[in-house]
Amino acid sequence: MDFEPWWLIFVPVLFALGWLAARFDIRQMLRETRTLPDSYFRGLNFLLNEQPDRAIDAFVEVAKLDPETTELHFALGSLFRRRGEMERAIRVHQSLLSRSDLPAAEREHAQHELAQDFLKAGMLDRAESGFEQLKDTRYALPALRSLIRIFESEHDWPRAIEAVKTLQGLVDEPVPQIVHYYCEQAQTALTAKPADVDAAHKALDAADHALSMTDASLSKGAMVRTAMLRARLALMEQDPKRERLYLESVMTDAPEYAGLVAEQLLANYRAAGQVEAGLEFLQKQYQRHASLDLFNVVFRELRVQQGSAVAWAFARGALRSHPSLLGLDRLLEAELASPEAGVTEQGPVPGADLTLLRSLIHKHTQRLDRYACRSCGFQARRFYWQCPGCNAWETYAPRRLEELE
């Protein structure tokens with residue numbers, strides 16, 4: 001297509017239109033800026049100068065002068081909640097909900113923020129009521145997840161299970177903790193007075209079904225817990241063969257959890273008059289998958305069955321292969337508690353020397369003798385399926401801190 005000179009007429013026209021548009025935008029921006037109160041700019045200045053407390057006070061003044069600034073109210077409410085000022089956060093969001101002219105979308109937003117305020121403040125009944133009101137809104141998914149957290153904290157496992165099923169109907173994502181909900185039901189049934197064996201069986205059957213629907217890589221801990229509860233149930237029903245089957249399945253399928261079931265498995269063999277076979281089984285398990293908890297069980301049982309010389313020979317070999325201050329601390333503790341304290345195949349060791357050695361080592365091992373959450377780092381002396389710190393499931397490795405370093 002040929003260029004026509006008369007097209008050049010459009011160049012100054014387009015330039016003029018662009019200039020007019022820019023003038024209009026600048027005037028509009030200046031007009032809007034003049035309507036903002038001085039407190040708004042003071043608040044921005046305080047934020048830029050890293051003075052959040054004074055910035056909040058300035059923005060609160062803006063909100064009072066102009067109640068229509070809903071976004072500023074939401075920002076203030078979130079700031080108060082993050083700072084732990086829950087009363088102020090609740091008041092901000094309640095004031096928004098009290099407005100009759102608030103659009104439906106912003107009303108849902110305010111309801112969700114208020115429910116979060118109640119949840120963080122520990123007012124679970126009011127938080128639950130708030131989230132329930134959001135089931136048919138655009139906040140249905142986050143509200144449902146928050147309800148699951150509330151039901152967990154209240155140990156309301158039936159409602160937690162129903163909420164998870166509803167969540168799975170909304171989104172295609174795995175929720176492996178549902179297996180633990182069934183396990184919690186089974187554990188409650190087994191600890192009842194008297195134990196409700198039928199309810200425990202029913203809960204564990206549901207746990208097995210949930211396990212079959214879950215990726216094995218996401219549910220190894222849940223599988224171990226289910227097997228451990230099955231073993232406990234078999235023991236209550238006086239079925240030692242079935243108990244042993246479940247305990248040995250843990251050793252085979254999840255050897256890292258062997259330390260959690262070693263004592264019960266050894267007790268099973270002892271009750272059957274096969275304690276030597278049980279010890280041999282645990283020794284072979286230790287050779288394949290060494291762990292500190294398993295070491296403790298094997299060492300103590302060797303001490304009882306075969307004497308201190310054999311037990312110390314096992315301990316020396318184990319500590320050479322897997323050096324551990326905690327292991328040394330535990331065997332010194334067992335040795336000092338024995339009536340033959342200080343006797344080894346190398347001859348007697350003065351009890352005072354063992355006591356001094358153990359006290360020195362124990363001082364350095366106290367911080368290592370803990371399980372730790374991989375999510376939040378919360379440490380505990382006992383193993384938890386759900387972290388008491390962050391409430392996450394299966395975040396505790398079944399090994400002590402020293403073994404993880």
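Buried means under 20% relative accessible area, exposed over 50% and partly exposed in between, with a 1.4 Å probe and protein chains only. The views show a predicted model, in which local features need pLDDT of at least 70 and side-chain atom pairs count only at pLDDT 80 or more, while totals for chains, interfaces and linings use all residues. Residues are numbered from 1 along each chain as its sequence is written, and side-chain values use heavy atoms, with hydrogens and water left out.

**View 1. Span of helix 13, residues 240-253.** Helices are DSSP runs of H or I with at least four residues, numbered from the N terminus. Helix 13 has 14 residues and reaches 20 Å from its first C-alpha to its last, close to the 20 Å expected at 1.5 Å a residue, where the expected span is 1.5 Å times one less than the number of residues.

**View 2. Buried and exposed residues of helix 13.** Glu243, Arg244, Leu247, Val250 and Met251 are the buried residues of helix 13. They lie on the same side of helix 13 because they cover an arc of only 120° around the axis, the arc being that of the directions from the helix axis to the C-beta atoms. The face turned away from this buried side carries the exposed residues Lys241, Leu245 and Thr252.

**View 3. Packing of the buried residues of helix 13.** These residues pack against helix 12 (220-236), helix 14 (258-271) and helix 15 (275-288), with contact meaning heavy atoms within 4.5 Å.

View 4. With a disulfide taken as a pair of cysteine sulfur atoms within 2.5 Å, the count comes to zero disulfides. Cys376 is in no disulfide, and the nearest cysteine sulfur, that of Cys387, is 3.6 Å away. Cys376 is partly exposed, at 39% relative accessible area, and Cys390 is partly exposed, at 30%.

Definitions and conventions:
Helices (H or I, at least four residues) and strands (E, at least two) are DSSP runs, numbered from the N terminus.
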